[in-house]
Amino acid sequence: MLIRGKNLEPFTLINRNKCFPPKLVKFGLTDIPQYPGGNWHWKHKQWSFYASRGNRPYMEDRMHYLNDPYHNLVMFSIFDGHGGPFVSQYLEEHFSGAIRQRLLRGSSKCHPSLTVPESSGTSVKQQVTRCKDISVQAISSVRSNSRAIITEVHNIDDEIVRLHPSLSSLTGSTLISVILELNRFLTVINIGDSRAVACDIAGHAIPLSADHKPSNVCLIN
C-alpha cells in the first residue's frame with residue numbers, strides 16, 4: 001500500500017513524546033458572538049455565562065472569564081457598567097490579567113496544605129498543635145492575598161482616572177469577581193451592588209457578597 005501526501009511532518013521520537021502544557025483560556029463579552037435580540041451566552045467546562053442587553057441600544061456591561069489550568073486558577077468576573085462602557089470595557093481587558101499576575105507573584109506564599117499527615121509516632125496533642133499552625137498559616141495567606149488584591153484594585157482605579165479624567169468621572173462600573181484557587185480556596189471581590197450567590201446541595205442560595213455602599217466601609221487589618 002502506498003500513501004502519498006504533501007507537507008507531512010516527519011515522525012520522530014521527539015514529536016511522539018512532545019508535551020504541550022495546558023493552555024490559558026480567557027475571553028470577555030466582546031469575544032462572544034451576539035445572538036438576535038441582544039443576547040450573549042457561552043460555556044466553558046462547568047462555567048457558563050449569559051447576558052441580555054435589554055431595551056438599551058448598546059451594551060454597557062462586560063464580563064471576563066479566565067481559566068489557568070497550569071496554576072489551577074479560575075476567575076469569573078462581571079462588570080455592570082453605568083453611564084457608558086468605558087470603565088467596564090477597561091476592566092474586561094485588564095482586571096483579570098492584573099489580578100492573576102499579582103496572585104502569581106505571591107505564589108511562593110501559596111496556601112498551605114490542610115491535610116495533616118498521619119504518623120504512628122504523633123500524639124494527639126502534636127496533631128492538634130499542627131492543626132492550629134495550619135489554621136494560622138491559612139488565615140495569614142488569605143489576609144496577604146486580600147491586601148494584594150485590594151492594592152491591585154486601587155492601582156487599576158488610578159490608571160482609569162489617569163487615562164481619561166473627564167470621562168471616568170461620568171462613567172463607572174460595579175465589579176464582582178470570583179476566584180477559585182487550587183480547586184479549594186474561593187475568593188470573592190465585590191465593589192458595588194452586583195452579587196455572587198452559591199447554591200448548596202439542598203438547593204439553597206447562599207450569598208457570597210454584600211452590597212457595597214458608601215455608608216458601609218469595611219477595613220481589613
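A residue is called buried at under 20% relative accessible area, exposed at over 50%, and partly exposed in between, as judged with a 1.4 Å probe and the protein chains only. The model described here is a predicted one, in which local features need pLDDT of at least 70 and side-chain atom pairs count only at pLDDT 80 or more, while totals for chains, interfaces and linings use all residues. Residues are numbered from 1 along each chain as its sequence is written, and side-chain values use heavy atoms, with hydrogens and water left out.

The protein comprises four helices and 11 strands, these being DSSP runs numbered from the N terminus (helices, H or I, of at least four residues; strands, E, of at least two). Of its 221 residues, 32% count as buried. Among the contacts with a separation of 6 or more, 53% are made by residues 24 or more positions apart, where contact means heavy atoms within 4.5 Å. The accessible surface, from the Shrake-Rupley method with a 1.4 Å probe and, for residues, with only the protein chains shown as cover, comes to about 15,200 Å², and 56% of this surface belongs to carbon and sulfur atoms.

Helix α2, which runs over residues 86–105, contains 20 residues and reaches 28 Å from its first C-alpha to its last, close to the 28 Å expected at 1.5 Å a residue; the expected span is 1.5 Å times one less than the number of residues. The buried residues of α2 are V87, S88, Q89, Y90, L91, E92, F95, S96, A98, I99, R100 and L103.

S96 counts as buried because its relative accessibility is 1%, and, when residues up to four places away in sequence are not counted, S96 touches H64, L66, M75, S77 and L91. A98, also placed in helix α2, touches E152 and I156 on the basis that residues up to four places away in sequence are not counted. A98 and I156 are 58 residues apart in sequence, yet their C-alpha atoms are 8.4 Å apart in space.

L208 is situated in the segment after β11 (205–207), and is classed as partly exposed because its relative accessible area is 33%.
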